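Hi,

Here is the structure I promised to pass on. My notes on how two of its parts meet follow below.

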Amino acid sequence: MLRLHDTATGTVRPLELRDPGRVSMYVCGPTVYEVPHLGHGRFTLVFDVLRRYLTFRGLEVVHVSNVTDIDDHIIERAAHEGRTEPEVAAEYEASWWAAMDALEVLRPTAVPHATRYIPGMVELVGQLVARDVAYETDDGVYLQVDTVDGYGLLAHQPLESLRVGARIEASEQKRSPLDFALWKKAKPGEPTWPSPWGDGRPGWHTECVVMSLDLLGDGFDLHGGGQDLIFPHHENERAQAVAAGRTFARHWLHNGWVMVGGEKMSKSLQNFTTIGDLLARGDPRAYRLLVLRSHYRRPIEVTPETIATAGRGLARLDALARRLALPDPMSGVVVRDEAVAAARGGVDDDAVARFCDHMDDDLDTPAATADVFDLVNRAHAAADEGDAEAARRLGGSVALLCGAMGLRLRSGVGDLDEPTRQLVDRRDAARRVGDFARADALRGELLAAGWTVEDGPDGTVVRR
RNA sequence: GGCGGCGUGGCCGAGUGGUUCAGGCAGGGGCCUGCAAAGCCCCGUACACCGGUUCGAUUCCGGUCGCCGCCUCCA
């Protein structure tokens, strides 16, 4: 059984499913006003790995992730650039999906948009007002947090301590500085929707509450995101749901930061690297492997050096895939029992079990990837000893487990362009007749063109 | 001020009350190779500091120092 850290309890505990065999998870998606950066890349990779692993274990996964397409940042950007909010949102949503596709992050099973759920949000706010836990002011409707049972659950702080630490000034009409907006009354020039409290727009992530409950139902299994969402974002989501008498997420999962030089990567510090920049520099799989090689709750340092190191690990995986002609583990979503049954050369059951033990232990991907690299070593050693059967079994396990984590193997050398093809052929010819000076010169040309040259029993293989 | 996390060998990064080792990268030596590449074998350097518990602590407890984060809109 999979055990995961739960932010609400601060402990690692079993993921107890509401519906046996089926996981309902809501992962907070992007507010589309900026291109995605490595922090977004990390959380989407973490939850993609979780989703793939759950699927690997034979569970059905319903993965809902929102797109918040209306908020202050979008309004600000649209105003600044003389465009409409929908134009801005559409542009950055497109860049979001482009990045997700490049990272081979599976699309969520549902992607609700905030602007399509406004009536539902108005209804929720109405319920909260009717329950007398929310109140209207001149500029909006606010949730009165001291009426909410267990406010501070995720922050692990009592209400009073949050109040003392609050950096925000109490407005004259707010009853507590911690009370937060459920509905913001329109200011001139802003997009608006009608409501009983006048035209305006939704407040604090009410969309996530309404959309998660609508698509996943009360008491859904898992709610997640980056650690910076714990408070106040997720705290306030929970507060709204609980105040409305609904049962919210059963388990809260949050991933750690991407760090830059020891500091958190964030928009406010302006120290972020976009996913686009990362992709322009190298293999997108390197970021996935880097993420896998650290525990999801720990911070990771993402630099050209750490990416390059991950890239060398990738080369090691690819080299095995090439040597043993392993199947592409990403030709479909990998389900363990089916994949094991389909594996022609068999798999190493002990290794798969060990991998699962590690993954079940709060998604210990560093240990799980170590398991995989251990298999790589054993597969090579078996092949060196001429034990083709063992090599195929161990190699097949590598492919299986990489697939379970969403890591594609590149075994093929691909089609060569004609000039390269000719260089390779001429080099093989030279080597056959023992003209090594000529062979070395031709290798020099290939290396200069960026190819790595390997001479195997069947002739020269080049790759890059 | 409140709350939380972290300090492991050159780097990244698991793990455990003791005599089997995480794993990867980098480094050294060998094997293979026409030479390489890929691969295999072998090797080195650890558990921030100070106390305590214990037969024995990197692992448990207490303290010190250092780093990081959250406390109203940052994944």
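Domain bounds here come from an automatic or database domain assignment. On that basis, chain A is divided into domain 1 (3–260), domain 2 (282–404) and domain 3 (418–463). This is a predicted model, where local features need pLDDT of at least 70 and side-chain atom pairs count only at pLDDT 80 or more, while totals for chains, interfaces and linings use all residues. Residues are numbered from 1 along each chain as its sequence is written, and side-chain values use heavy atoms, with hydrogens and water left out.

I looked at domains 1 and 2. Their C-alpha centres lie 34 Å apart. Counting contact as heavy atoms within 4.5 Å, 32 residues of domain 1 touch 31 residues of domain 2. The two domains bury about 2800 Å² between them, 62% of it on carbon and sulfur atoms; this is the accessible area (1.4 Å probe) that two parts lose on being put together, summed over both. Of the area that domain 1 buries against domain 2, Arg 42, Tyr 53 and Phe 56 supply 25%, more than any other three residues.

There are two salt bridges between domain 1 and domain 2, a salt bridge being a side-chain nitrogen of Lys or Arg within 4 Å of a carboxyl oxygen of Asp or Glu. In the model, Arg 57 and Asp 360 meet through their side chains in a salt bridge (3.0 Å, N to O).

Happy browsing!

Definitions and conventions. Chains lettered and ligands numbered in written order.
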